[in-house]
Each structure stands twice: as C-alpha cells, then as structure tokens.
Amino acid sequence: MTGGEILKVRGLCKTFGGLAAVDDVSLQVRTGELHAVIGPNGAGKTTLINLLSGDLPPSSGSILFRDQDIIKLPPERRSHLGIGRSYQKTNIFLGFTVLENCRLAAQSRAPRLLNWWRDALSYNDELEQARRALAAVALADRADDVALALSHGEQRQLEIAMCLATDPQLLLLDEPLAGMGTEESQKMVELIGRLADARAILLVEHDMDAVFQLADVLTVMVNGKVLATGAPAEIRANHEVQSAYLGSSDEIL
Amino acid sequence: MIPISLPRTALLAALLAIVLFPLIGATFYVQLGAKIMIMAIFALSLDLLVGHTGLVSLGQAAYFGVAAYVLALISPQYEAANLWLTLPAAMAVAAVAALIIGFLVVRTAGVYFIMVTLAFAQMLYSVFHDTKLGGGSDGIYIYVRPELNIAGFKPLDLENPMQFYYFVLILLAVVYAFLNRVLHAPFGRALAGIRLNEQRMRSIGFPVFSYKLGAFVLAGALAGLAGYLAACQFGFVNPDILAWQQSGVVLMMVILGGMGRLHGAVLGAFSYVLLQEVFSAPALLGAYAKHWQLVMGSLIVMIVLVFPHGIGGFLDIVLRRISYRPPSSARTDGT
Amino acid sequence: MFYLIQLLNAVQYGLLLFLLASGLTLIFGIMGVINLAHGSFYMVGAYLAYWLAKLTGSLWLAIPIGIVIAFAIGLLLETAIFSRLYKRDHLYQVLLTFGLILIFEELRSILFGDEVHGVAIPALLDYSIPLTDTLSYPVYRLFVTAVCLGVAGLLYFVIHKTRIGMMIRAGTSNREMAASLGVNIPLLFALVFAVGMALAAFAGTIAAPISSVFPGMGNQILIICFVVVVIGGIGSINGAMIASLAIGCADTIGKVIAAEYSAIAVYLVMALILLWRPQGIANKA
C-alpha cells in the first residue's frame, strides 16, 4: 500500500567545476514505495543520494521532505527529520562492537550533548532500540562482536541496521548489494523488501535482478539526467532506455 | 580505567609510591613531582581533543596560560587569594576563551585545524606580550599562593611543598576519574564516533560541530586548571607559558605516552619532564646541558622515524612484554 | 606622504611573507606535509646572510651562496627525513618538524649565540629617498619589494607556463593523476621541497638587513605564514599572494592605529575569513 508523496525533488542540479553530475533531476517517492534509480556508472546516482542526504550541497533545485524544504539543512538535521542513508562503501565504526554501532545511532535520537556523567550503556531505551534494529537485519546474535570481525555481507547489514536504529521514514540505500555473494544478496533483497512495507525507500543498485524484484517505480539516469521514470514493465519496454544502456555500457536490462 | 596491559600489582606499587613519595623525597623532588602532575593534567586535557575526538590542537597552551594570568591578575598583591573564587574564575575564563576560539576553529579540519589553533594561541600570546594588560614580556609575580579555606578551617597549606603535592595529586585523580566517566557517558561515546568517522556521525544525526565545540571547551577548562596550578607553583606568569613551544611540548607528552588512553597522557607527562631533567643536567652533558633541546629535538625526530606506528604502539609492545613475563620471574620480582 | 610610506611598508612586508607562504602552501598542497620547520629556514637564511656577509664582506655574495646552501640542506632533509613523512598522519608531521625546530634553534644558539646581530645594508643601496622635509624612504626596502615582485613573477611564470609547473598544478589537484601522467613523483617532491626551503631562506637573507637576525625569528614569521595559508587556501599560489598582501596591510594598519595591538589585527582578519569561508578564499567549499 502506498501513501502520500514523502519526498519531492524538483530540478535538482549539481555541477563540479562546470561538469553537471546531476542535471535537472525531478522525482518523487511515496511512503510504502520502493523507488529504484538505475543507470550506467557515472550517471550521477551516488551524487543524487549525497544531495538528498545533505552530504553535498546542491547547485540548484528544490528538495521537499514531507512538504518541508530541506535544501539548506545539514545531514544531521535531515537525519532527525527522518531521512536515513547507507553508503556505497561500507561506512561503519569498525572498532566498535556491532551493538555499539547501533546504540550510537539510537543515541542520536536523544541528543545527550551535555550528558557527561551517566554511563552510556545504562540507557535501556536506546539499547532496546539498537537491539531491535539488529534483530530486523538478523544480526542479533553478533551484537557483542567487533564490527571489524563481520563478513562483508554482515557489515552491509549492519550499515542498514544503523539507519534503522534512527527510525527513518525515508531510506536512501546506495548499492546495498555491492560486493555480495548470491546467497547474501538474496537475504539482503528479502530484508529490503520487508523494510519497504512501512517506509519509503530510494534504492540505487546495479543488480538488475534485485531491482526488478523490488522496485515499484524505476528512474533511469544517464549523464546526470533522468531518461525515463515509470513502472518496471514500462521501463523494460522503453526503447530509449534500451539504446542508452546498450550504447554506453554492457549491462543488459 | 585501569590499563589492561599493566599488571595490577605494579600499578598498585606505583600508586603507593606516588602517595608516599613526599614523605621521603627531598623538597626539590617533591616539587618536581607536583610539576609532573600539573603537566599530566594539562596533557589529559589535550588528550581529550587529540586522542579521543581526533582534533589535533597545537594551541592548548593558550588556555593553560590564560588561566594562569587570571590568577596573577586577580590575586591581591601581598595576601593570599581565595582558592574557591580564583580557581573557578580562572577555569571559567579559560573555558570562555576556548568557546570563542573554538567557535571559529572547529569549522576547520585536518591541517587547517592545526594551523588555526596555533595561530589563535599566538594571538593570545601577542596580547600578553605586546600590551600592558599582563605586565608585558616581564610578566607578573604572585607573591602569596592562594588559600584553601573551608569555613575558617584550612585543610591544606599550599605554601608547603608537600601539602601542595597532595593537593595537586588529589586534583589529578579527580580529573582522571572525571574524564574516565565523561568518555563512557553518551557525550564521550559520541566523541569516539566523531574521531573514527565524522561523516557517518552526521548522517546518523549527531550535530558534530556542537560536540567538538563541547570537547574543545571542556579541554580548555581543564588546561586552565593545570595553568592555575602551574601559576601557583612557580609564583609568576609571563607570556612564555602560553607560547607555542608549550603547546608543542604538551602534544609531545600526549603522543609519547600513547594518545587515546588517559593513563598514556599521565605517563607521557612523567616521561617528558624526567627526560628534560636528565638532558638539562650539567652533571651529564656538561656545557651542552643548556642546549638540552638539541638532544630532545633529535630524540623526537628519531622516535617519529623509527616507530612509524607511533610511540603509543611501541609502548604497548613494551608493556605487553612486562605484563606477560613468565611466572617465575614475576615471583622473584615480588619478593 | 605618511600614507605612501605605510603603503610601501605593507606591500614590502606582504611580499616577503609571500616568499615564505608560497613554499609552505605548495608543500602542503603537493606533498600533504605540514612543515613547522619552514620558518626555521627563514632563520637559516638570515643567519647565513649574517655569517657569509661577515666572511665575504659582501651581501651580494652572501645571498646567492646562502640560497645554494639552503637548497642543498633542503634536498638533504627531504631525502633523509621528509620523504618518509608523506604518508604519515599530520600528528607525526607536526611532532617531527617540532623536533626539527628545536634542533635548528639550538644549533643556531651554539654556532651564533643568542644575541641580536645586525646585517649591514650594502653600500650601493644604503641611502634614502627624501619625500618631504622630515620623511624619507630607504632604498633597500624598495629593492626588497622589487626583488620579491620579480621572484613572485618568476614563480607565476613557472607554475602557469612551464611543463614542471603543469606537473605541480596537477600534483596539487590530484596526486594519483599526476603519477599516472608519468611524472617522476619522488624527484618532483624533492625539487618542490628544496625550492620551498630556498625561497624561505632567500626571504631570510634579504630581510636580514631590515629586521636584523635574532633567536626565534623563524617561528614568529612561521605562524604569520600559517595565517596567510589559512586565508589563501592550501595549495593556492594566487590565494597566498592575495592573503600575503592582505596581512601586510592589516599589520601595517594595526601598527598605525594601535601599535600594541597590531599583532592582533592579523589574527582578526583570519577569524573573519574563517567565519566567511573556512577553506580559504581561493578554495571553494
């Protein structure tokens, strides 16, 4: 079931020294909808995610999240509004335990900037929230291991668990399947499918099997521009998309 | 936190030695001990930034010096100042200086942060050196040490070297315990996250700027405590106490002892002051003793080149060797 | 007329700073090394000028010999020490170069003592141009300004018009790319470092007759150069030029308005820049 539009992007641009990485991109994502963005390497997909999460300032355009203009907000403020993101390159605290990674994420919901005294591990709400997030990605039994000791696939799961611990309404997932084996990938696809029920997800992914399995809506980007947007079946039948893909890379839809 | 790599018995013996030392040591060494502990507090304050938040500040002496000047400026000339008023005042001024400077420097990162903290510290140095505010380059004398007075009762006489030693020891223990708690509290955990990965901390919703600024101000206040005590001990202040060399020395201590671990900062202060005493002893180096910084500088260069993973790593290896001695040798040591 | 003199002083001081800051900013930008001992080379240059001028009897001989010696020491330091620092954390670079400062200062103390020494202005330039009845301007300062401008022009030409300049520019923006272009990186690094050191020493030699030579002179100016690099933006020669002149002016204006607080003016300019553009004026966020 899909709800209202939670994210509305209009005319978003990002130029790096005259080169447009993201060029006049418009799209919207609804709650309960999984919106996948695909395109050849260098199409500007990761840049798009960075613009939406606030890691990069856009050159122009507008981003409305729940009808609020967030274009000027820094990443931490966007996180508090309900936007969570994962990174293409695994981006977790390798030296911390798995639980601590998530606990820290949960702690951010109750900023204790001036709490310099009580032991961080004595806040049961946050520990609970962290454990729930770990359970959601099936990492509960690894809670006390150091993140460094996890397999690549498990680290990717932890990355998502950290997002979940902040209870986001919109998840921006940047190639969550990158570098995973078939079995790990299938587990991750199932996980993302489950997450999409109650949230909005913007997914950037190269694995076309996974994309067509998961996506409700597809946006195809080429050279920073949106080439086409539509239901998976429409995109599959789109001649322009086929020729763009065949013309610029070897990937097959 | 008790360092895991140090055997508990050795630690207890060390603690006991520190507590009992003034009873047997000559006054000169008791004063040296107090100086080491003051520098240890100073090093702890910097370790909070360098080792625990990942902020390499090269201007920590500024807050140390500002607090020392506050004591000198508000002390009455011929009678003792009230410690309960002057100590909080000195720390508060140091904290405010850290807040104002921190507000500007925490926007920068990496090399910029190093240069900018150094530059602002130099600005404060210029203020005290060039203007008449703090007696110019001659500085100010503090003829009488502050008085610790609890409702007419004086538990410690700070003029007495032994009692001053214990006073500093108590404060060092308090600062150590306090920082230990802070680092395990939510605030400290967030700092640890910032040190490892600032970008990730922001994307999970931490206002990193405020946390860094908080750490900067806390470190400034603690450096101020050390500066206040140093002014008490030496009885005078001049611009050199906030010169950039002082900031370099305290950074050296933090790294020497192994940053990111509180006991490392204490150990670093201890090693550095002792090395300085040895290198500057005329008995050892004769006429070259006054050029002791030549030896110290060469040692620093050697250490950085020979131990590419940092001195902390080197010290870890040494400590591990000590703590994993075969049982037989441990027993002979115990007797 | 008074203001003309102040303006000339500001420009002269600013250009002198540029000689130091340009080397500093290039070494940061290309090798990623923070070198606290950069100021020590300014001191080395000044003391070489003092020593060689006494030995040869002429500053004209002292300057070129001093530059060659500084360049050689620079090459030596680069191969023996700095080349091992490039991939290390800034913390260790700070620590090691702090150690180097101590060594340089003590060697200076052992070799030349701790007194202030004057260096005579060469007879050829030792007169002043009268501007009014009471005010005049020393020709040597004009000479310093002209020489610095010449060096800055040369630097600009080398960086923007020559092949080695192209390599340097490639190096500041993207080190891997420069390597893939077939640039001999170790040689380029050694050269840039030694040239940076020679520039700093050159600044010291020509400034010696104006400022005289004294202990700690390198560290004082080093911190001002950091301010220049922070304002100009790391790796930017153009930024360093603008920032040097701005600091020269701020310092001079400060001296005119309130001599006691003139040192602070420089840092206030930096504070404003940090509020406005933390990455320096030449670098975009």
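A disulfide is a covalent bond between the sulfur atoms of two cysteines.

**Entry 1: ground rules**

I noted that the model is predicted, that local features need pLDDT of at least 70, that side-chain atom pairs count only at pLDDT 80 or more, and that totals for chains, interfaces and linings use all residues. Residues are numbered from 1 along each chain as its sequence is written, chains are lettered from A and ligands numbered from 1 in the order in which they are written, and side-chain values use heavy atoms, with hydrogens and water left out.

**Entry 2: cysteines**

I then looked up burial, for which buried means under 20% relative accessible area, exposed means over 50%, and partly exposed lies in between (1.4 Å probe, protein chains only). C:Cys148 is buried, at a relative accessible area of 0%. B:Cys232 is also buried, at 3%.

**Entry 3: chains that touch**

I took contact to mean heavy atoms within 4.5 Å. Two pairs of chains touch, and the pair with the most contacts is B and C. Chains A and C do not touch, and their nearest C-alpha atoms are 9 Å apart.

**Entry 4: chain C as a whole**

I counted helices and strands as DSSP runs numbered from the N terminus (helices: H or I, at least four residues; strands: E, at least two). Chain C has 11 helices and two strands, and their order along the sequence is α-α-α-α-β-β-α-α-α-α-α-α-α. The radius of gyration of chain C is 19 Å, close to the 19 Å of the globule rule for 285 residues, so chain C is as compact as a globular protein of that length. This radius is taken over C-alpha atoms, and the globule rule is 2.2 Å times the number of residues to the power 0.38.

Along its principal axes, the C-alpha trace of chain C spans about 65 × 45 × 35 Å. I found that 56% of its 285 residues count as buried. Of the contacts in chain C between residues at least 6 apart in sequence, 77% join residues at least 24 apart.

**Entry 5: one leucine in chain C**

I located C:Leu75 in helix H3 (residues 59–80) of chain C. C:Leu75 counts as partly exposed, at 32% relative accessibility. Apart from neighbours within four places in sequence, C:Leu75 is in contact with C:Ala190 and C:Ala194. C:Leu75 and C:Pro215 are 140 residues apart in sequence, and their C-alpha atoms are 24 Å apart in space.

**Entry 6: chain B**

I recorded 15 helices and two strands for chain B. Of its 335 residues, 56% are buried. Among contacts in chain B between residues at least 6 apart in sequence, 75% join residues at least 24 apart.

I also looked up B:Val19, which lies in helix H1 of chain B. B:Val19 is partly exposed, with a relative accessible area of 38%.
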